[in-house]
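Trainee: Could you take me through one part of this protein slowly, beginning with a single residue and working outwards? I would like to see how the pieces connect.

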Amino acid sequence: MNPIYETQPAAPVVRPARLEDAEAIRAIRNHAIEHSTALWTRTPQSPAEGAAWLAVHLRRGSALVAEADGEVAGFAVYGPWRELDGFRHTVEDSVYVREGRHGLGIGSALLAALIESARAAGHHVVIAGIEAENTSSIRLHQRFGFEHVGTVPEVGTKFGRWLDLALLRLPLS
């Protein structure tokens, strides 16, 4: 094809999330809840629940969105891995891309920015807990240096089957 007619998708722009992104983020989360094993719940978020969930991350400064072609094409957050004080330097990440936008570099852009955000905030380790059959998410994390440190079999259930949890770890300092 003549290069003059070829078009490339716009590179995603990653920025801090804002409260007005809550509905777009909620739509991405609810799609994952309804159609995948990425979130181990069957209950979609209401608009109020989605806004409250995002507000926690906004107060912490731990939420990013990727915009592409004028819409929120994905989001990433990190939060405490465990609530006890001894785990205060360890966070867990979540990266989600809007359906139909996979393979365009959105997840990579989000994860790169999220890692830098966690590092700048002084965290020591990022943990990724990923459903063990989600090989695309596992590969994404491994490209950024996450090391597979174990798999916990049958710790969750969804869609009538037991799910294994792969744990990956990235030291930040």
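Mentor: Gladly! Let's begin with Arg26, which touches Gln45, Ser46, Pro47 and Gly50, leaving aside residues up to four places away in sequence. Keep in mind as we go that this is a predicted model. Arg26 sits in helix 1, which covers residues 22–35. Is Arg26 buried or exposed? Its relative accessibility is 15%, so Arg26 counts as buried, because buried means under 20%.

Helix 1 packs on a sheet, where it touches strand 2 (63–68), strand 3, strand 4 and strand 6. The direction of helix 1 makes about 80° with that of strand 3.

What does that sheet look like? It is an open sheet of seven strands in the order 1-2-3-4-5-7-6, and the pairing is mixed. At the edges stand strand 1 (13–16) and strand 6 (147–158); each has a single partner strand, so one side of each has no neighbour in the sheet. On average, neighbouring strands are turned by 25° against each other, direction ignored. Strand 6 runs antiparallel to strand 7 (residues 161–171), and eight bridges join the two. To find one of these places on your screen, look for His148, whose bridge partner in strand 7 is Leu168.

While you are at strand 6, look at Glu154, which is found there. Glu154 has a positive phi of about 50°, although it is not a glycine. That deserves a second look, because most residues other than glycine have a negative phi. Glu154 counts as exposed, at 51% relative accessibility. Asp69 also has a positive phi, near 55°. Its place is in the loop between strand 2 and strand 3, and with a relative accessible area of 53% Asp69 is exposed.

Helix 4 gives the largest share, seven residues. The lining has 48 residues, and Ala38, Val95, Tyr96, Asn134 and Ser137 lie nearest the centre of the pocket. Sorted by class, the lining has 19 nonpolar, 18 polar and 11 charged residues.

Notes: Residues numbered from 1 in each chain as written. Predicted model: local features only at pLDDT ≥ 70, side-chain atom pairs only at ≥ 80, totals over all residues. Heavy atoms only, no water. Helix = DSSP H or I, 4+ residues; strand = E, 2+ residues; numbered from the N terminus. Buried < 20%, exposed > 50% of the residue type's maximum accessible area, 1.4 Å probe, protein only. Contact = heavy atoms within 4.5 Å. 1 Å grid on protein atoms, 1.4 Å probe; cavity = no way out; pocket = protein on both sides within 12 Å on 5 of 7 lines; lining within 4 Å. Nonpolar A, V, L, I, M, F, W, Y, C, P; charged D, E, K, R; others polar. Pairing = 2+ DSSP bridges. Axes fitted to C-alpha atoms, helices over the stretch in contact; angles between N-to-C directions.
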